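Okay, thanks everyone for coming.

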Amino acid sequence: MSEDNNKQVTFAMQTFERIHPVEFQRRFLTQQTRHSGRSFSQFRAPLVVQGTISTAQGSATVRLGNTTMVCGIKATVCEPDVRRPTHGYLTTNVELSPIEEAQVASEHIHRLVTSSVDLGSLCIEEDKVVWSLAADIVCLKYDGNALDAAIIALEAALRDLKLPLVEIDQASGLVQVAEGEGKQLVLKRRLYPATFSLIDDQYLVADADDSEEQMKTAELLVVLDDAGRLANVWKRGAGVISQETIVRCVEAAAERMSEIVQATKA
């Protein structure tokens with residue numbers, strides 16, 4: 001085929017995708033492939049870079065294809081809750097659009113990750129001073145599967161976090177940051193997410209991009225810990241995902257886990 005014919009075919013496909021985006025996607029799905037060329041079970045390779053925000057105590061940037069998420073964690077000292085005098089705090093805030101989805105994602109991520117952080121290790125002096133960690137997760141560019149990118153970014157930022165050494169003046173009660181490298185945050189476990197989307201109630205795809213998500217009828221988040229144990233399963237949407245399919249997703253999540261491990265070692 002000549003170069004001119006190639007250009008005409010490419011232009012025709014781009015025009016068809018723009019005018020009939022859903023039908024464009026379905027033509028690929030019926031052929032058991034995806035418009036990106038990925039197989040149904042193929043995830044996008046993650047790129048994880050730690051220490052990307054110099055003003056934060058811990059930070060990371062994650063890319064899944066064209067989805068880019070950055071997480072920065074600020075550590076400040078405060079008084080503990082009187083009901084938990086030896087425990088610090090961890091708050092998470094996810095900035096996505098729409099706002100409703102951001103709130104739901106933020107709440108779920110907070111419940112998930114809080115169970116992995118040793119809040120007792122955030123105690124500086126019982127009943128007096130503890131660390132409060134505020135994690136802000138911001139989507140810089142969106143092309144689907146923000147949930148996986150957000151969890152991976154937060155996990156990487158937590159591992160990057162170093163709590164400054166502090167000294168407390170017993171007379172005045174003032175807390176001063178001491179010289180030194182600081183200490184790593186104590187984590188009970190690491191978490192590895194894998195999200196699957198059900199399209200048209202019949203095609204299950206891993207790590208959907210934005211155009212594929214427009215067609216989803218349900219979504220399943222599977223999270224494993226570093227021992228390969230199931231840490232969380234979260235299904236959203238009205239579409240039906242069978243028990244057999246969930247089992248397959250858990251098995252696929254174990255393979256995805258090894259990809260994330262390799263990315264975070266780089």
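One cut-off before we start: I'll call a residue buried under 20% relative accessible area, exposed over 50%, and partly exposed in between. Arginine 26, with a relative accessible area of 32%, is therefore partly exposed. And keep in mind that this is a predicted model.

Let's stay with arginine 26 and ask about its partner. Which residue forms a salt bridge with arginine 26? That's aspartate 200, and the closest N and O atoms are 2.5 Å apart. Aspartate 200 is partly exposed too, at 22% relative accessible area.

Arginine 44 and aspartate 143 meet with 3.8 Å from N to O. Arginine 44 comes from the loop between H2 and E1, aspartate 143 from the loop between E6 and helix H4, and 99 residues separate them. Are these two buried or exposed? Both arginine 44 and aspartate 143 are buried. They also belong to a network of salt bridges that links Arg38, Arg44, Asp143 and Asp207.

For contrast, take arginine 229 and aspartate 225, a salt bridge with its closest N and O atoms 3.0 Å apart. Here arginine 229 is exposed, at 52% relative accessible area, while aspartate 225 is buried, at 2%.

On to the rings. How many aromatic pairs does the structure hold? Two. Phenylalanine 40 and tyrosine 203 make an edge-to-face pair, 6.0 Å centre to centre with 70° between the planes. Phenylalanine 40 is in the loop between helix H2 and strand E1, tyrosine 203 is in strand E12, and they're 163 residues apart. Both phenylalanine 40 and tyrosine 203 are buried.

Then there's phenylalanine 43 with phenylalanine 196: the centres are 5.6 Å apart and the planes are at 80°, so that pair is edge-to-face as well. Phenylalanine 43 sits in the loop between H2 and E1, and phenylalanine 196 in strand E11, 153 residues away. Phenylalanine 43 and phenylalanine 196 are buried.

While we're on rings, check tryptophan 234: the charged end of arginine 236 sits over its ring, 4.5 Å from the centre.

Next, strand E4, residues 89-95. E4 runs parallel to strand E6, residues 129-141, with seven bridges pairing them. If you want one to find on screen, asparagine 93 has aspartate 136 in E6 as its bridge partner.

Last stop, helix H6, residues 243-265. At 1.5 Å a residue, its 23 residues should span 33 Å, and the end C-alpha atoms are 33 Å apart, which agrees. Its buried residues include Thr245, Cys249, Ala253, Arg256 and Ile260. And what covers the buried residues of H6? Among the elements doing that are E1, strand E2, H4, E11, E12 and strand E13.

That's my tour; over to you.

Notes:
Residues are numbered from 1 along each chain as its sequence is written. This is a predicted model: local features need pLDDT of at least 70, side-chain atom pairs count only at pLDDT 80 or more; totals for chains, interfaces and linings use all residues. Side-chain values use heavy atoms; hydrogens and water are left out. Two strands pair if DSSP finds at least two bridges between them. Helices (H or I, at least four residues) and strands (E, at least two) are DSSP runs, numbered from the N terminus. Rings of Phe, Tyr and Trp (its six-membered ring) pair if their centres lie within 6.5 Å; planes under 30 degrees apart count as stacked, over 60 as edge-to-face and the rest as tilted. Buried means under 20% relative accessible area, exposed over 50%, partly exposed in between (1.4 Å probe, protein chains only). A charge sits over a ring if NZ of Lys or CZ of Arg is within 6 Å of the ring centre and within 35 degrees of the ring normal. A salt bridge is a side-chain nitrogen of Lys or Arg within 4 Å of a carboxyl oxygen of Asp or Glu. The expected span of a helix is 1.5 Å times one less than its number of residues. Contact means heavy atoms within 4.5 Å.
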